[in-house]
Amino acid sequence: QVQLVESGGGQVQAGGSLRLSCVASGSIVSTNVMGWYRQAPGKQRELVASITTGGSTKYDDSLKGRFTISRENGKNTVYLQMNSLKPEDTAVYYCLLEGLDAVGPFAYWGQGTQVTVSS
């Protein structure tokens with residue numbers, strides 16, 4: 001079984017920064033994609049950014065330049081550096097680990113971490 005544990009959320013004023021971390025543990029295939037999604041109240045969950053084990057990244061276009069995703073493969077950890085935060089970034093941020101193993105495609109979610117940006 002795979003578990004994802006996020007940390008680093010909290011409350012910050014507009015213009016501030018936060019760094020989220022997500023550690024995956026358990027039986028994890030070496031090739032995978034880790035990513036961050038967010039869900040604001042009353043809205044659908046949306047992709048923030050993702051990164052492959054090879055380092056290829058994908059971002060929501062509106063967040064490029066403010067958010068940076070990175071990972072440490074040896075630690076099965078993914079980070080999200082969030083700068084110049086805005087009130088509209090307020091959401092629960094979820095970590096996702098997905099890929100393909102001998103059984104088939106898989107996707108594991110973390111429990112989420114709250115980010116609140118005050119104006």
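Hi everyone, so, the count here comes to five salt bridges. Keep in mind that we are looking at a predicted model. I'll walk you through some of these pairs, and I'd like to begin with Arg-38.

Arg-38 pairs with Glu-46 in a salt bridge, and their closest N and O atoms sit 2.8 Å apart. Are these two residues buried or exposed? Arg-38 has a relative accessible area of 8%, so it counts as buried, because the cut-off for that is under 20%. Glu-46, on the other hand, comes out as partly exposed, with 35% relative accessibility.

Now, Arg-38 also has a salt bridge to Asp-89, and there the closest N and O atoms are 2.9 Å apart. Where in the fold do these two partners come from? Arg-38 belongs to strand E4, residues 32-39, while Asp-89 is in the loop between strand E8 (77-82) and strand E9 (91-100), so this pair ties together parts that are 51 residues apart in sequence. In this pair, Arg-38 and Asp-89 are both buried.

If you step back from the single pairs, which residues does the network of salt bridges link? Have a look at Arg-38, Glu-46, Arg-66 and Asp-89 on your screens: those are the ones it connects.

Let me finish with another pair, Asp-61 and Lys-64. They form a salt bridge too, with 3.8 Å between the closest N and O atoms. That still qualifies because the rule asks for a side-chain nitrogen of Lys or Arg within 4 Å of a carboxyl oxygen of Asp or Glu.

Key: Residues numbered from 1 in each chain as written. Predicted model: local features only at pLDDT ≥ 70, side-chain atom pairs only at ≥ 80, totals over all residues. Heavy atoms only, no water. Buried < 20%, exposed > 50% of the residue type's maximum accessible area, 1.4 Å probe, protein only. Helix = DSSP H or I, 4+ residues; strand = E, 2+ residues; numbered from the N terminus.
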